[in-house]
Amino acid sequence: MKVAKDLVAASATPMVLGILAEGESYGYAILRRINELSGGELDWTEGLLYPLLHRLERLSYLESSWQSVAGERKRKYYRITDSGLAELAEQRRQWDTVVGALKEIWQDRAPLTVPPLGGLA
Amino acid sequence: MTAPDGPQELEAQFAQWRQYVLRRRELQAVDADELEDHLRGSVDELVAAGLSPDEAFLVAVKRMGSLDELSREFAREHSERLWKQLVLTGDSAGPADGPRARRDLWVMLACAAGALVSVKVPVLFGLSFGEDGAFYARNFTLFALPWLAAYLAWRRSARRPVIAALAVLFALGAVAANAYPLADDSQSVVVTSVHLPIALWLVVGLAYVADDWRSSRRRMDFIRFTGEWFIYLVLMALGGGVLAAFLFNTFAAIGIVPQEFVSQWLLPGGAAAAVVVAGWLVEAKQSVVENIAPVLTRLFTPLFTAALLAFLVAVVWTSHGIDVEREALLLFDLLLVVVLGLLLYSLSARDPSAPPGPFDKLQLALVVSALAIDVLVLIEITGRITDDYGGTPNRAAALGENVILLVNLAWSAWLLLTFIRRRTPFAALERWQTGYLPVYAAWAWIVVLVFPPLFGFA
């Protein structure tokens, strides 16, 4: 099972902000962490991650700095800002509402089965 | 693969990959750094899992997905990168380009300041812009164009003989404008004021092609330069007009009327400086922004063709002769100039190796209809040559220009026709146009230097 693209895109911002709330990190590590958290089910690409990081930086939810690691290699580290934390809290409230509502619905119906065709007749 | 080769080979692969990334306009050097770090992280992990560096690199690149998709995603966040910006200081250029671009800027500013100052130098000799209009009309281009030529000659690192030739020609222009005893209200003053700028502009052309003045390609570059320069000058004139209007009206609102400053300083000085700045803009942005003159010619060639054909049909339909009284010849000269311009700027943007297409046929129709109209006008004029047509410098100059343009367009039409029928290469048409430039220069100098004595300074 792969998570649908729209859902990945919608959850991308809180996911990145949440991971960076744990401490500063860089692109590759963020991608690894997402992979790890979702058991490989979330299909993130570099084309999703880096432009998103740049956008969040432009909105000043994140700050970045270049640090050198292992000789000449440079790495761009991202850190969450106060307004990023506020945004994360706001997103979290919204997601809690959505998830809570979905849980309410699914509790009544569980376990989910596909109704047979013409079941109403 | 032997062990010592491994890291080196891998570095070469990274370098190559980086080049591919940097070729994308959406991806900049910082993005390449970031993505390269990502790729290295991926490679390191795969190597740790037991792959050879070579295999790890391939797998990591594959995982990153196609660069097309990546740059599309980047473009959504960084859409401003798709709009080429003119960088004034050259900061984003390569490290080697930076100082050069900055020096260029300073030389341009010095030349623009020189042009601005030289417009006001005659004031020291008691000539004012308001009262000695005829003096400024004859000399205005002599204040501005030498500075543009100086800037271009500096940029091309012109050799001494070229610089000497430029100086001699500008001095000759100054003599032509001022040595003859021409009355302020004489026709010759007007004729000189119109033709001296043309002659001097082609001197600027000599400075432009200073590095290789015989080359047809360089002359075509000068034609491109002329079109772009003109468009930039018009745009700056619009901006300058808005600036002057605001300056005038805001100060007038507090009871200070800056009429003298605007009309004596801002407009003449600004115009002279704009001549140099426009030249610099064209030079600075020629590789950054698409040329606008060919775009305009593409838009207007069909429209002008339709208008000229409609005019021809109307002439035949009503059998009404063309009225060539007064300055009508000048109007038709200008028509030929416009048609020549449309032809030239379409040529300047055309891929010389492309086969003839429908647009070339359209151009042939344009040129042929302009020629037909001009022949009608000339027939009309020869009918009246007895009532001393051509007896004044105005008419002689207009007639001469008409003949020069007619010859150019007639041969262009022939070359276009043979090109469309695939008998001659496109380059023949290009060479004809670039080879014709000295004819314009020669004619403009003749009008400026020979006409006044020939017509008794009338």
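Which residue in strand 3 of chain A is the bridge partner of Ser25(A)? I put this to the model, which is a predicted one, and found Tyr78(A).

**Entry 1: strands of chain A.** I then looked up the pairing around that bridge. Strand 1 (residues 25–26) and strand 3 (residues 74–80) of chain A run antiparallel to one another, joined over 2 bridges. Strand 3 of chain A also pairs with strand 2 (residues 62–68) of chain A, again in the antiparallel sense, over 7 bridges.

**Entry 2: the hairpin.** I followed the chain from strand 2 to strand 3 of chain A and noted a hairpin with 5 residues between the strands. Ala70(A) in this hairpin adopts a positive phi near 45 degrees.

**Entry 3: the largest nonpolar core.** I turned to the nonpolar cores and recorded 82 residues in the largest. Among the residues with the most contacts inside this core are Ala115(B), Ala144(B), Leu148(B) and Val276(B). Helix 6 (residues 133–155) of chain B supplies the largest share of the core, 12 residues. I place the core between domain 2 (94–289) and domain 3 (291–424) of chain B, because both domains give residues to it.

**Entry 4: contacts of Leu148(B).** Leaving aside residues up to four places away in sequence, I list Val204(B), Val275(B), Val276(B) and Gly279(B) as residues that Leu148(B) touches.

**Entry 5: a second core.** I also found a separate core of 17 residues. Its members include Met15(A), Tyr28(A), Leu31(A) and Leu53(A).

Definitions and conventions. Residues numbered from 1 in each chain as written. Chains lettered and ligands numbered in written order. Predicted model: local features only at pLDDT ≥ 70, side-chain atom pairs only at ≥ 80, totals over all residues. Core = buried A, V, L, I, M, F, W, Y, C linked by C-beta atoms within 7 Å. Buried ≥ 20, exposed ≤ 12 C-beta atoms within 10 Å, placed from the backbone. Helix = DSSP H or I, 4+ residues; strand = E, 2+ residues; numbered from the N terminus. Domains from an automatic or database assignment. Contact = placed C-beta atoms within 7 Å. Pairing = 2+ DSSP bridges.
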